[in-house]
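Please open the model in your viewer and keep the sequence panel beside it. The tour below moves from one selection to the next and says what is found at each stop.

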Amino acid sequence: CGHHPLMRLVPGWLAVLLALPAQAGPIGYAQASGYFKKASRPTLYQPLNLLDGRDATAWCSPTSDPLGELLTFGFKGPARIEELKITTGNNFDENTFQTFSRAKKLQIKTAKGSQSITVLDQRGPQTIAFDPPLEGSRYTIEVLDHYPAEDLDQPVCLTDVIFVSEGKPLNGSWLTTRLKYDKSTAPLL
């Protein structure tokens, strides 16, 4: 039929290449402008805790006022996010959940825009769907409002932020052994 033999391979080869970006690059880092006990216990409330899908770890703001504190998440390539699964507060147990203040209203930003989201004052993951999906390789989250603890001086906490693309979580408990605190690079994965 006059077609070069390689031409028959190209469509399949292109399909493989095109399928790769759709899976979104793995999460590359989590950073925070600050966090609770950063100097004295640098890994206790570090931003990497937001990526591990575990109730035993949380990020908490340096003070009781989270405004202006930025959480930044980076992917190794463009990520199209349809959902966030957010666990607010310090969800280690019922006591820590009540002891610390809990994030209530958050703003998530990408280079292409921003969206405000509100979560309920309850333990466990809450799913926030985005329609249309958010797209970008860098996401910034700021806590705009919170549910105060009885002690108003307590920091504001978030336990997990799980990014979901094409129905698959891009971070979670399988990252636990790969999440490494490195003082020299600020907490990077």
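This is a predicted model: local features need pLDDT of at least 70, side-chain atom pairs count only at pLDDT 80 or more; totals for chains, interfaces and linings use all residues.

Begin with the turn between S4 and S5, where a hairpin joins the two strands through two residues. Select strand S4 (residues 101-110) together with strand S5 (residues 113-118), and you will have a pair that runs in the antiparallel sense over six bridges; strands are DSSP runs of E with at least two residues, helices are runs of H or I with at least four residues, and both are numbered from the N terminus. Two strands pair if DSSP finds at least two bridges between them.

Residues are numbered from 1 along each chain as its sequence is written, and side-chain values use heavy atoms, with hydrogens and water left out.

Next, select Cys60 and Cys157, which are joined by a disulfide with an S to S distance of 2.0 Å; a disulfide here is a pair of cysteine sulfur atoms within 2.5 Å. The pair links distant parts of the chain, with Cys60 in strand S2 (residues 59-60) and Cys157 in strand S7 (residues 156-165), 97 residues apart. The torsion about the S-S bond of Cys60 and Cys157 is about 105 degrees, and the disulfide is therefore right-handed. Both Cys60 and Cys157 are buried, that is, under 20% relative accessible area with a 1.4 Å probe, counting protein chains only. The structure holds one disulfide.

Now show the whole protein chain, whose secondary structure comes to two helices and eight strands. Followed from the N terminus, the elements run α-β-β-β-α-β-β-β-β-β. Of the 189 residues, 44% count as buried. Among the contacts with a separation of 6 or more, 79% are between residues 24 or more positions apart, a contact being heavy atoms within 4.5 Å.

Finally, colour the chain by pLDDT, the predictor's confidence in each residue from 0 to 100: the mean is 85, and 79% of the residues reach 70 or more. Select residues 3-22, where the pLDDT is below 50 and where the stretch has three contacts in the model beyond near neighbours in sequence. Residues 185-189 also have pLDDT below 50, and this stretch has 20 contacts beyond near neighbours in sequence.

Methods:
Buried means under 20% relative accessible area, exposed over 50%, partly exposed in between (1.4 Å probe, protein chains only).
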